[in-house]
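Colleague: Could you take me through the pockets of this model, and then through one of its strand pairings?

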Amino acid sequence: MKDTAVLLIDCPDRKGLVARVAGMLYEHGANILHADQHQDHDLGLFFMRVEWALKDAESKEGDAGNGSRFDLDGFKEAFAPLAAELDMRWRIESTHQKPRIALFCSQYLHCVADLLHRWQSRELYCDIPVIVSNHREVEKLAAYCGIAFEHVPVNAATRGETEERQTAILERHEVELVVLARYMQILSPAFVARYPAAIINVHHSFLPAFTGARPYHAAHARGVKLIGATSHYVTEVLDDGPIIEQDVARISHRDQVEDLVARGRDLERLVLSRAVRWHLDRRILCYGNKTVVFD
């Protein structure tokens with residue numbers, strides 16, 4: 001795993017922003033590994049991601065006690081006045097820290113199984129302490145992976161109690177990101193508000209087309225020639241949060257609903273895993289109802 005830090009910024013656009021940020025990093029001895037920026041000219045906004053090494057490149061392996069190390073806390077303190085001057089929203093995080101993820105799913109397990117495989121193969125750098133489901137189909141898979149399983153049935157009459165229990169589970173496991181891996185229940189605005197830009201969902205259509213629970217049936221009835229899947233952050237408006245990733249597959253008049261479902265599952269796995277990986281890599285900034293996904 002890389003031993004780096006990432007700075008994410010969004011602020012009103014103006015001349016000299018890149019130079020001011022890069023100059024301060026240089027003054028503090030940072031070795032910048034990657035930098036990317038974007039301007040939204042219509043809104044006059046600037047976005048930037050900078051990643052730099054925390055350990056001096058000349059430090060040898062096993063020499064951590066003697067090697068020069070970037071003072072991350074000191075830089076945060078020094079950067080705060082510049083950020084205030086330039087009206088920045090910003091955060092700095094070490095990539096060495098593993099985010100803690102909870103997976104929510106229902107009866108369809110293709111997305112959660114794919115994420116667990118990528119996690120076990122170290123493609124996803126995170127901890128997954130718990131899987132939550134309103135069904136028991138995933139229980140054996142969770143046990144096989146050594147992950148706690150919480151069965152939380154859902155019904156309309158006790159939805160408030162259900163979400164209180166789910167919230168307690170997330171707090172107990174110190175979860176930072178919730179991934180809805182085909183969790184077929186609607187979350188309340190109160191639940192969503194606890195995790196702003198920290199709940200990722202996969203929807204089995206190319207949003208904003210075919211929202212709701214049966215998009216493949218709706219797509220087949222409409223006779224579309226492309227089907228898609230969308231990963232997005234969850235907001236209180238159903239299937240309307242900032243889109244992170246989308247992909248499509250071509251179909252024809254010969255394909256039936258079952259064919260669309262089968263082909264769509266591949267798309268769902270891909271777009272959800274990409275969204276989770278980019279979130280873990282600190283590559284996403286939200287603004288309005290959109291995202292910037294840095295290279």
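Modeller: About 370 Å³ of space lies in the second largest pocket. This is a predicted model, in which local features need pLDDT of at least 70 and side-chain atom pairs count only at pLDDT 80 or more, while totals for chains, interfaces and linings use all residues. Residues are numbered from 1 along each chain as its sequence is written, and side-chain values use heavy atoms, with hydrogens and water left out.

Colleague: Which strand gives the most to the lining of the second largest pocket?

Modeller: A pocket here is an open set of points on a 1 Å grid over the protein atoms alone, where a 1.4 Å probe fits, with protein on both sides within 12 Å along at least five of seven lines, and lining residues have an atom within 4 Å of a point. The lining has 20 residues, and Asn-201 is one of those nearest the centre. With three residues, the most is given by strand β9 (residues 199–203), strands being DSSP runs of E of at least two residues.

Colleague: Which element supplies the largest share of the lining of the largest pocket?

Modeller: The largest pocket holds about 500 Å³ of space, and Arg-91 and Glu-93 are among the residues nearest its centre. At least two lining residues each come from β1 (4–12), β4 (89–94), α8 (257–280) and β12 (284–287). The largest share, four residues, is that of β4.

Colleague: Which residue of β7 is the bridge partner of Val-130?

Modeller: Strands β6 (residues 127–133) and β7 (residues 148–151) run parallel and are joined by four bridges, where pairing requires that DSSP finds at least two. In β7, the partner of Val-130 is Ala-148.

How values were computed: Points joined across faces, edges and corners; volume = space filled by probe spheres on them.
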